[in-house]
Amino acid sequence: MTREALIERQTTETSIRVKLDLDGSGKWQGSSGIPFFDHLLAQLARHGLLDLKIWAEGDLEVDNHHTVEDIGICLGEAIKKALGDKAGINRYGSALVPMDEALVQVALDFSGRPYLACNLDLPPGRIGSLETELLEEFLRAFVNHSGLTLHVQKLAGRNGHHVAEALFKALGRAMREAASRDPRVEGPPSTKGSLD
């Protein structure tokens, strides 16, 4: 049974197409129009062993906000669709990822209840052309549209590039663990009988 999804979103601000295979090998393809954000999405795919293709056109002449947020929306919807009823998954995942002086912890639950607790403590500014404040906006959109409970904590780090990259690597690894199937689990891993 394949766990794949294709999501398309068209607004007056953006045009987004996301293709996802949860059981991939970590291949990334596409462009958001924001090079550093593409770098982060490639890390998410690689460390999550997701095959991820994203094509996006947005009103980058205004700023990056709409594009980053709408990619988060589409990726969240793709994850939710690909997981289906979540039968047999581990449900929970966590990762602690260092990158030089940076250390980021991610813990998540495919609970069906969107919640974001985010403490990245990044100063306002840009990494390449990506505003640091948009990292949390991406996570919020992703969480709200995937039904994911997500806790993100920067434990150490001064370099914004290192913190952001450790975040996306940790998110990918935690998602891989949570979405992995356990042959001993029958149905959704909840005493309620469903995760929604």
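Biologist: Before we look at anything, what should I know about the model and its numbering?

Modeller: The model is predicted, so local features need pLDDT of at least 70 and side-chain atom pairs count only at pLDDT 80 or more, while totals for chains, interfaces and linings use all residues. Residues are numbered from 1 along each chain as its sequence is written, and side-chain values use heavy atoms, with hydrogens and water left out.

Biologist: Let's start with charges. How many salt bridges does the count come to?

Modeller: The general idea is a distance rule: a side-chain nitrogen of Lys or Arg within 4 Å of a carboxyl oxygen of Asp or Glu. By that rule there are ten salt bridges here. One of them joins R17 to E8, with the closest N and O atoms 3.1 Å apart.

Biologist: Which parts of the chain does the pair D23 and R181 link?

Modeller: D23 forms a salt bridge with R181, and their closest N and O atoms are 3.9 Å apart. This pair links distant parts of the chain: D23 sits in the loop between β2 (14–21) and β3 (28–31), and R181 in the segment after α4 (160–179), 158 residues apart. Those element names come from DSSP runs, numbered from the N terminus: helices are H or I with at least four residues, strands are E with at least two. D23 is partly exposed at 40% relative accessible area, and R181 is also partly exposed, at 41%. D23 and R181 also belong to a network of salt bridges that includes R3.

Biologist: And inside a helix, how should I read a salt bridge?

Modeller: Start from the geometry: an α-helix has 3.6 residues a turn, so residues three or four places apart point the same way. In helix α4, K169 and E165 are four residues apart, about one helical turn. Their side chains meet in a salt bridge at 3.1 Å, N to O. K169 is buried at 17% relative accessible area, and E165 is buried at 6%.

Biologist: Now the aromatic rings. How many aromatic pairs are there?

Modeller: A pair of aromatic rings is described by the distance of the centres and the angle of the planes. Rings of Phe, Tyr and Trp (its six-membered ring) pair if their centres lie within 6.5 Å; planes under 30 degrees apart count as stacked, over 60 as edge-to-face and the rest as tilted. The count comes to four aromatic pairs. Among them, F138 and F142 are stacked, 6.1 Å centre to centre with 5° between the planes. Both lie in helix α3 (residues 133–146), four residues apart, about one turn of the helix, and both are buried. Ring pairs also link F37, F138, F142 and F168 into a cluster.

Biologist: How many disulfides does the structure hold?

Modeller: A disulfide is a pair of cysteine sulfur atoms within 2.5 Å, and the structure holds zero. As for individual cysteines, C74 is buried at 0% relative accessible area, while C118 is partly exposed at 22%.

Biologist: What span should helix α1 have, and how far apart are its ends?

Modeller: The expected span is 1.5 Å times one less than the number of residues. For the 14 residues of α1 (residues 35–48) that should be 20 Å, and the end C-alpha atoms are 20 Å apart, which agrees. Ten of the 14 residues are buried, so α1 is largely enclosed by the rest of the structure. The buried ones include F36, F37, L40 and H47. After the helix comes L49, whose phi is positive, near 50°.

Biologist: Which residues does H47 touch?

Modeller: Contact means heavy atoms within 4.5 Å. Not counting residues up to four places away in sequence, H47 touches K169, G172, R173 and R176. H47 lies in helix α1 and is buried at 17% relative accessibility. Its side chain also makes a polar contact with the side chain of R173 at 3.1 Å. A polar contact is a pair of N or O atoms within 3.5 Å; within protein, one must be able to donate a hydrogen and the other to accept it, and residues adjacent in sequence count only if both atoms are side-chain atoms.

Technical notes: Buried means under 20% relative accessible area, exposed over 50%, partly exposed in between (1.4 Å probe, protein chains only).
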